[in-house]
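Work through these exercises with the model open beside you. Try each task before you read its solution.

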Amino acid sequence: MAPSLDQRPRIASEELTPEARSSAPTATVAAPHPIEARGLVKRYGHLTAVDHVDITVEAGTVYGYLGPNGAGKTTSLRMLLGLIRPDEGTAKLFGRDPLEEGAAALDGVAGFVEAPRFYPYLSGRRNLELMAALDGGDAPDRIDAALETVGLAGRDGDKVKGYSHGMKQRLGIGAALLRDPRLLLLDEPTTGLDPAGMRDMRELVRRLAADGITVLLSSHLMGEVEELCDRVAIVRSGRVIYEGALDALLRSTGQRYRLRTTDDERAWDVCSYRPDVSDLRRGPDGLTFAADEEEAALLSLALAHNGVGVTALVPAAASLEELFFRFTEGDEQEVPA
Ligand SMILES: Nc1ncnc2c1ncn2[C@@H]1O[C@H](COP(=O)(O)OP(=O)(O)OP(=O)(O)O)[C@@H](O)[C@H]1O
């Protein structure tokens with residue numbers, strides 16, 4: 001069960017005189033963050049899978065932990081949940097370290113790493129009943145609501161072996177909801193789902209976040225993170241190379257334009273010669289570059305002067321996908337501070 005506000009640390013009243021004690025207002029310390037990890041390191045032989053990672057997830061956010069395959073996302077989540085021991089660093093959930101405090105540190109915390117696992121020959125409901133019995137407390141009373149929330153109320157009597165991958169993922173979230181979580185950790189919850197399954201899962205995460213649950217979502221899908229998350233950490237080779245608000249990241253590249261022309265090769269040359277056009281790139285939709293409005297206007301004249309017809313010149317924010325590839329495959333100096 002979630003710790004009540006009364007269990008939050010206070011200034012010990014024993015340190016005050018009896019008079020002061022009776023008149024002093026009780027000073028409360030700010031509630032600890034849902035996740036606070038400092039300097040996490042995990043090595044496997046010569047490989048440093050997670051390399052001095054700091055993560056702070058504030059209450060009420062949907063936090064994207066984004067990185068390519070093998071970047072160390074699952075290993076980080078395992079350490080956060082106390083499933084494996086870091087070689088260095090600490091991870092605290094609501095101020096408690098799962099390695100030191102065991103199950104008590106996981107009060108109000110739920111989720112799954114890699115894929116949720118169930119007894120295939122039992123029904124979805126029976127699986128949840130067994131888990132609820134393990135969780136204890138009023139978890140059994142939440143089964144119906146959990147099945148309803150994840151859209152399995154009509155299929156709860158079917159054996160899990162007959163569930164689609166998407167249904168199993170949703171049942172995994174249903175199992176997490178039995179714990180009445182304030183924090184959900186989800187490791188690539190849409191991996192392997194078809195587009196409709198992905199849409200349903202995103203919708204579910206959005207609804208849970210709207211209900212006030214803090215979510216840490218690991219993913220290598222930029223669109224998903226862009227759609228769902230307020231804050232992101234981008235990891236590459238075990239290290240966090242960017243951490244911050246998603247909108248700040250998307251704005252960090254300055255004013256950008258997308259340019260389509262009748263002759264992109266020639267347009268590229270014209271753009272390259274202009275000193276006030278920077279960060280020129282080729283994309284699937286023509287060229288993109290950074291410039292101010294005045295320069296964009298001058299550039300359109302220069303293109304016309306060089307016999308290049310402009311079919312589109314529109315302001316465009318850099319997409320997370322563009323930034324992700326730039327950061328995870330390109331030069332690290334490109335990552336904004
Ligand atoms: N138990 C282990 N023993 C040895 N190496 C491991 C172990 N677990 C993870 N690794 C390695 O650590 C690195 C990070 O793996 P991890 O699974 O955390 O990455 P990931 O970002 O979750 O990748 P993916 O998106 O593919 O799931 C990889 O190179 C992986 O091979």
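**Exercise 1. The whole chain**

Among contacts in the chain between residues at least 6 apart in sequence, what percentage join residues at least 24 apart?

*Solution.* Start with the ground rules. This is a predicted model, in which local features need pLDDT of at least 70 and side-chain atom pairs count only at pLDDT 80 or more, while totals for chains, interfaces and linings use all residues. Residues are numbered from 1 along each chain as its sequence is written.

Two residues are in contact if their C-beta atoms, placed from the backbone, lie within 7 Å. Now read off the share: 67% of these contacts join residues at least 24 apart.

Then list the elements. The chain has 12 helices and 13 strands. Helices (H or I, at least four residues) and strands (E, at least two) are DSSP runs, numbered from the N terminus.

Last, look at burial. A residue is buried if 20 or more other C-beta atoms lie within 10 Å of its own, exposed if 12 or fewer, and partly exposed in between, with C-beta atoms placed from the backbone. Of the 337 residues in the chain, 35% are buried.

**Exercise 2. Around the ligand**

Find which element gives the most residues to the shell around the ligand.

*Solution.* Begin with the cut-off. Now collect the shell: Tyr44, Leu47, Ala49, Gly67, Asn69, Gly70, Ala71, Gly72, Lys73, Thr74, Thr75 and His220.

Sort by element. β2 (47–57) and α2 (73–80) each supply at least two residues. The most come from α2, with 3 residues.

Sort by class. The shell holds 4 nonpolar, 7 polar and 1 charged residue. Here Ala, Val, Leu, Ile, Met, Phe, Trp, Tyr, Cys and Pro count as nonpolar, Asp, Glu, Lys and Arg as charged, and the others, Gly among them, as polar.

**Exercise 3. Helix α2**

Why is α2 described as largely enclosed by the rest of the structure?

*Solution.* Pick out the buried residues of α2: Lys73, Thr75, Ser76, Leu77, Arg78, Met79 and Leu80. That is 7 of the 8 residues, so α2 is largely enclosed by the rest of the structure. Then step past the helix. α2 is followed by Gly82, whose phi is positive, near 75°.

**Exercise 4. Helix pairs**

How do α4 and α6 lie relative to each other: roughly parallel or roughly antiparallel?

*Solution.* Take the axes of α4 (residues 124–135) and α6 (residues 165–177). They come within 10 Å and cross at roughly 30°. Axes are lines fitted to C-alpha atoms, for helices over the stretch in contact, and angles run from 0 to 180 degrees between N-to-C directions.

Apply the scale. Angles under 35 degrees count as roughly parallel, over 145 as roughly antiparallel, 65 to 115 as roughly perpendicular and the rest as oblique. α4 and α6 are therefore roughly parallel.

Name the contact. Gly124, Asn127, Leu128 and Met131 of α4 meet Leu171, Gly174 and Ala175 of α6. By class, this contact has 4 nonpolar, 3 polar and no charged residues.

Gly166, Gln169, Arg170 and Ile173 in α6 meet Gly197, Asp200, Met201 and Leu204 in α7. The classes are 3 nonpolar, 3 polar and 2 charged.

Note on methods: Near = placed C-beta within 6 Å.
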